[in-house]
Amino acid sequence: MRTYIGTHQVLNAAEFEELALGFDELPAGIDRELFRGPLAPESPEERAARLDVAREVIEELAAQGEGGDEIAAWDALYADALTRTVPFLRAARAAGQAGEVAA
């Protein structure tokens, strides 16, 4: 089975994101899983550690942005926005589990 977005055939997951979401490329140095969390479940300790590191990175990027680095400022905004997102697959799994418990 082939996947197309517009007239472009999608060959891998990164290309799918780029075409579907309109990203020319992912921001350099931004690890999205650090900010939004992994697709797989994580322990409370892992989550706390990941969020601590994410907050430190956002603070550093924001400080660089205040110092005149426009790219760092935009990266800080992007990373901060990612902390308030939930990957679709993780949300769907959680919704499915909640539905099973309620039934």
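Helix H3 has Arg50, Ala54, Ile58, Leu61 and Gly65 as its buried residues, where buried means under 20% relative accessible area with a 1.4 Å probe, protein chains only. These buried residues pack against helix H2 (32–36) and helix H4 (70–82); a contact means heavy atoms within 4.5 Å. This is a predicted model, in which local features need pLDDT of at least 70, side-chain atom pairs count only at pLDDT 80 or more, and totals for chains, interfaces and linings use all residues. Residues are numbered from 1 along each chain as its sequence is written, and side-chain values use heavy atoms, with hydrogens and water left out.

**More on H3**
- After H3 comes glycine 68, with a positive phi near 115°.

**Confidence**
- The protein chain has a mean pLDDT of 78, and 74% of its residues reach 70 or more; pLDDT is the predictor's confidence in each residue, from 0 to 100.
- Among the chain's elements, H3 has the highest mean pLDDT (93) and helix H5 (residues 88–102) the lowest (61).

**The whole chain**
- The protein chain holds 5 helices and 2 strands, which are DSSP runs numbered from the N terminus (helices H or I, at least four residues; strands E, at least two).
- Along the sequence, the pattern reads β-β-α-α-α-α-α.
- Of the 103 residues in the protein chain, 17% are buried.
- Among contacts between residues at least 6 apart in sequence, 38% join residues at least 24 apart.

Key
Buried means under 20% relative accessible area, exposed over 50%, partly exposed in between (1.4 Å probe, protein chains only).
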